[in-house]
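Please examine the sequence and the structure shown below before reading the report.

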Amino acid sequence: MLKPKQKNCIEAMIANPTTSNEKLAEIVGVNRNTISDWKRNNQEFKDAYAKRLKEVWEESEGIAVKTMRNLAEEGCFNAAKYILDSCG
């Protein structure tokens, strides 16, 4: 089971994926080597991060679909098309 500091680290990584290990360590209250160790060697941490990232992605995907639907219903077809085109 993940420790609270590990959970906080995952949330910080999700909120800003470019945050350095040094900054994550400062946010969470551990040594930066601890962050590196979690990322490289702790399978439970890596799995929890991947799971949380997937959850956030799915939540965001739902928001994008709702936004497109609302734009189309309002007659903003170009905006809805732009969102679709931007997503590939």
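This is a predicted model: local features need pLDDT of at least 70, side-chain atom pairs count only at pLDDT 80 or more; totals for chains, interfaces and linings use all residues.

## The nonpolar core

The largest nonpolar core consists of 12 residues: Leu2, Cys9, Ile10, Ala12, Met13, Ile14, Leu24, Ala25, Val28, Ile35, Trp38 and Phe45. Helix 1 makes the greatest contribution, with five residues.

Leaving aside residues up to four places away in sequence, Ile10 touches Leu2, Phe45, Ala48, Tyr49 and Arg52.

## A network of charged residues

Side chains of opposite charge can pair when their charged atoms come close. In the whole structure, a search finds three salt bridges.

Arg52 and Glu11 form a salt bridge through their side chains, with an N to O distance of 2.8 Å. Because Arg52 belongs to helix 4 (residues 43-73) and Glu11 to helix 1, this pair ties together parts that are 41 residues apart in sequence. Glu11 is partly exposed, its relative accessible area being 36%.

Arg52 also meets Glu55 in a salt bridge (3.3 Å, N to O). These two residues are three apart in helix 4, so about one helical turn separates them. Through shared partners, salt bridges join Glu11, Arg52 and Glu55 into one network.

## A pair within helix 2

The side chains of Lys23 and Glu26 form a salt bridge at 3.3 Å, N to O. Both residues lie in helix 2, three residues or about one turn apart. Lys23 is partly exposed, with 40% relative accessible area, whereas Glu26 counts as exposed at 56%, because the cut-off for exposed is over 50%.

Key
Residues are numbered from 1 along each chain as its sequence is written. Side-chain values use heavy atoms; hydrogens and water are left out. A nonpolar core is a set of buried Ala, Val, Leu, Ile, Met, Phe, Trp, Tyr and Cys residues joined through side-chain atoms within 4.5 Å. Buried means under 20% relative accessible area, exposed over 50%, partly exposed in between (1.4 Å probe, protein chains only). Helices (H or I, at least four residues) and strands (E, at least two) are DSSP runs, numbered from the N terminus. Contact means heavy atoms within 4.5 Å. A salt bridge is a side-chain nitrogen of Lys or Arg within 4 Å of a carboxyl oxygen of Asp or Glu.
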